[in-house]
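User: Hi! I'm new to this one, could you walk me through it?
Analyst: Happy to, let's bring it up.

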Amino acid sequence: MRKTDPIATIPRLFGTDGVRGTAGRFPLDHQTVRRLGAALVRALPSGSAPPRLLVGRDTRESGPWIEAELAHGASGEGAIVTSAGIVPTPGVAYLTRSAAYDLGIVISASHNPFEDNGIKVFSGRGEKFTEDVEREVEAIIADSSWSAASGEPAMLAPGQKVDTYLDHLRVVFPEVASIGPFRLAIDCANGATTPVARQLFGGLGFETIVIADEPDGHNINLECGSTHPDRLARTVVDRACQMGVAFDGDGDRAIFIDHKGVVVNGDAVLLMCARQLQREGRLRGNAVVATVMSNIGLELALRESGIELVRTAVGDKYVMEEMLKRNLSLGGEQSGHVIFSDYLFTGDGLCTALNVLRTVAVTNRTLADLAADLTSYPQVLLNVRVREKVDLQTVPAIAAVISAVESRVAGHGRVLIRYSGTEPLLRVMLEGRHDGEIRAWAQEIVDVVKKNLGA
């Protein structure tokens, strides 16, 4: 990337998962989207060949015009832009790397409602942009000495097939025949997995029952998908399925349903897959990366197997960065973003589903049985409004009560206290063995914070 002088006042466009907002409003207005497309090309190293960019999107009605504006800005800087059409986010990441594109761009707001949209960017290696690179692009956008190309943008026709991505996924589960007859319910969230999920799982021999696979531009994530698994749970039970999997709008996360209709989240998936990889000698570093939101039960269960849990801030890009830094095989989030770095350095719902199915087959255990290995400890989250966000260690009374509570939960619980990034709130989270006990201790901290910092 070209070096750009740091500018302290540069406005932030990128959040924890790319650029997000309401389609048509800043930062996803026509002008800013076009300028972002141009800035991404300007940030690339100079070369003799025109840069090649791959763009994919989910099913939101705003996707085509955002894709057109991005492509217009990028092509105005000399780039060749190819569309993959509607495709899961990890599909763009894989195709960017395997087909030697310089950048991959995904237009999606993941699990958000259809009015929202977003833009996330992958390097030519198929990895999400780091914060340093994002800041570099933001600096280029803020530079008023240049302008993006003018004129009317043209809609793109898909020019990149996804077949090689599906072939890549099939390699995850070479023992698929060993699972025998298996009825699998799939919730596509009316999103990006709709064109590929039935083809992938049906082609592997599963009997599939697919729901939420009729996108209309407005119904993505609407009472379906990984954040609304109730309908899938009913389908699994009513249709006597062995398992269900719900994807989110862009297909980079998966939440599971066991045969009894019980939700199985990312923590349980990390545990069962970590132990399977360890048995096969494939768990590099004998460690797993998760965020601060993963339950203490995961940490304790992994410890029983001699596996270290490394925690990061919330966001799968932070999980990815830590995995790259430590050269680890597995990481993820409780929400269902799981990264298997042997296959791809980003969350992939389809890949996660295949790994879970493979674990079921290889261990000859049901999903419910595997998930029961995780004991999730009670968790309490309380919010307290504050008049200012100060270092809590500089307020003696608050520091003292936090220290006292931490000593009470040491070894079998956890205290996590952090300010909200968007509101004048302090979030107090406790995990421990007994709900009533940790709720009282959390309230103890909140009361002291109110007394000293309350708004």
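User: Which strands does helix H3 lie across?
Analyst: Helix H3 (residues 89–98) lies across strand E3 (52–57), strand E5 (103–107) and E6. It runs at about 170° to E5, with axes fitted to C-alpha atoms, for helices over the stretch in contact (heavy atoms within 4.5 Å), and angles run from 0 to 180 degrees between N-to-C directions. Helices (H or I, at least four residues) and strands (E, at least two) are DSSP runs, numbered from the N terminus.

User: Before we go on, what kind of model is this?
Analyst: This is a predicted model, where local features need pLDDT of at least 70, side-chain atom pairs count only at pLDDT 80 or more, and totals for chains, interfaces and linings use all residues. Residues are numbered from 1 along each chain as its sequence is written, and side-chain values use heavy atoms, with hydrogens and water left out.

User: Thanks! In what order do the six strands of the open sheet come?
Analyst: The order is E1-E2-E6-E5-E3-E4, with mixed pairing. Two strands pair if DSSP finds at least two bridges between them. Strand E1 (14–15) and strand E4 (80–86) are at the edges with a single partner strand each, so one side of each has no neighbour in the sheet.

User: How many bridges join E2 to E6?
Analyst: Four, between strand E2 (residues 18–22) and strand E6 (residues 116–123), and the two run antiparallel. Val 19, for instance, has Ile 119 in E6 as its bridge partner.

User: Switching topic: is strand E9 largely enclosed or open, and why?
Analyst: Strand E9 (residues 243–247) is largely enclosed by the rest of the structure, because five of its five residues are buried. Buried means under 20% relative accessible area, exposed over 50%, partly exposed in between (1.4 Å probe, protein chains only). Met 243, Val 245 and Phe 247 cover one side, while Gly 244 and Ala 246 are on the other.

User: And which strands are joined to E9?
Analyst: Strand E7 (residues 183–187) runs parallel to E9, joined by four bridges; there, Ala 185 has Gly 244 as its partner. Strand E10 (residues 254–258) pairs with E9 in the antiparallel sense over five bridges. E9 and E10 form a hairpin with six residues between them, and Gly 251 in the turn has a positive phi of about 75°.

User: Last one: how many disulfides are there?
Analyst: Zero, in a search of the whole structure; a disulfide is a pair of cysteine sulfur atoms within 2.5 Å. The sulfur of Cys 224 is 9.3 Å from the closest cysteine sulfur, in Cys 188, so a bond is ruled out by distance. Cys 224 is also buried, at a relative accessible area of 1%.
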